[in-house]
Amino acid sequence: MVKKVFEKPLSWIERIFFLDFVRGLSITIRQAFRRTITTHYPYEKLTPPKRFRGFFGHKVVDGNEPQPAFEEWVERFKIQVEPGKSRCVVCMLCKRACPVPQLFEIEGEKLPDGRRRVSLFNMNMMLCTFCGFCVDACPVDCLFQSDIHETAGYTRKDSVLDLQTLERIGRDWQRRREEEPDRIWIDDYQRQRLWYENNPHLPEVKR
Ligand code: SF4
Ligand code: SF4
């Protein structure tokens, strides 16, 4: 059975004075003078929060590795530690945790002194769902997701992150954001305040 729904008919006052139109226009005018909370991308860019799940990187050895986990994994896998190079211990836990493991290509090479180091680390971003399981699985805080979100490329090859690219992203991250407190947004108090001003029905934020 089809239920017919009728709109409430307009009263004659509403018809004569176009009250619906005036109501709609008043909302438009009110919004036009409110503070803008959207950005004019790509001319205006926000820095994403530290927890943003963007393109991947490898943190490099800089003396701030999680201890004693890093030392233990380095010894367990006989890894050669080089300052400024990837912290990867070639444990493959990231690949194992990934729902699409074929996107990883990871290899280690043996050095003359019997120790090993990562020699190949490719991640095909065209297959990635950005779920972050691989990051959670990394035992030495090597693999991480950065704030890089402009990831378009001209070829499929552009979507493959190799070891050099991952290390470059890692170095850049450690220089720019490693020390930053782990907050939702860079300036979350101001951001929430702005949202509150535009949405007075929301509970006020506490500092
Ligand atoms: S984010 Fe998810 S899909 Fe992408 S590489 Fe990591 S585990 Fe795999
Ligand atoms: S989990 Fe971390 S240390 Fe292990 S292979 Fe992946 S990136 Fe390297």
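Predicted model: local features only at pLDDT ≥ 70, side-chain atom pairs only at ≥ 80, totals over all residues.

Visitor: What makes up the protein chain, and in which pattern along the sequence?

Guide: The protein chain has seven helices and five strands. Their pattern along the sequence is α-α-β-α-α-β-β-α-β-β-α-α.

Visitor: Which strands form an open sheet, and in what order?

Guide: Three strands do, in the order S2-S3-S5, with antiparallel pairing.

Visitor: Why are S2 and S5 called edge strands?

Guide: Strand S2, residues 104-110, and strand S5, residues 160-161, each pair on one side only.

Visitor: How do you know that S3 and S5 pair?

Guide: Pairing needs at least two bridges. Two bridges join S3, residues 116-124, to S5, so the pair meets that cut-off. The two strands run antiparallel, and Met-123 has Leu-161 in S5 as its bridge partner.

Visitor: Which helix packs on this sheet?

Guide: Helix H6, residues 163-176, packs there and touches S3 and S5. The direction of H6 makes about 90 degrees with that of S3.

Visitor: Which residues of the largest nonpolar core touch the most other members?

Guide: Phe-56, Cys-138, Val-140, Leu-143 and Leu-166 do, out of 23 residues in that core. Helix H3 (69-76), S3, strand S4 (143-145) and H6 each supply at least two residues. H6 gives the most, with four residues. Leaving aside residues up to four places away in sequence, Cys-138 touches Leu-93, Cys-94 and Leu-143.

Visitor: How much of the protein chain is buried?

Guide: Buried residues make up 16% of its 207 residues.

Visitor: Why is Met-92 called partly exposed?

Guide: Met-92 has 14 other C-beta atoms within 10 Å. A buried residue would have 20 or more, and an exposed one 12 or fewer. The count for Met-92 falls in between, so the residue is partly exposed. Met-92 lies in the loop between H3 and helix H4 (93-97), and has a positive phi of about 70 degrees although it is not a glycine.

Visitor: And what makes Asp-141 partly exposed?

Guide: Asp-141 has 14 other C-beta atoms within 10 Å, so by those cut-offs Asp-141 is partly exposed. Asp-141 is found in the loop between helix H5 (133-137) and S4. Its phi is positive too, about 55 degrees, although Asp-141 is not a glycine.

Visitor: Which residues come nearest to ligand 2?

Guide: Of the 13 residues around ligand 2, these are Cys-88, Cys-91, Cys-94, Cys-138 and Leu-143. By class, the shell has 13 nonpolar, no polar and no charged residues.

Visitor: How does the shell around ligand 1 divide by class?

Guide: The shell has ten nonpolar, two polar and no charged residues. Among the residues around ligand 1 are Cys-98, Thr-129, Gly-132 and Cys-134. Cys counts as nonpolar, whereas Gly counts as polar.

Technical notes:
Residues numbered from 1 in each chain as written. Chains lettered and ligands numbered in written order. Near = placed C-beta within 6 Å. Contact = placed C-beta atoms within 7 Å. Axes fitted to C-alpha atoms, helices over the stretch in contact; angles between N-to-C directions. Core = buried A, V, L, I, M, F, W, Y, C linked by C-beta atoms within 7 Å.
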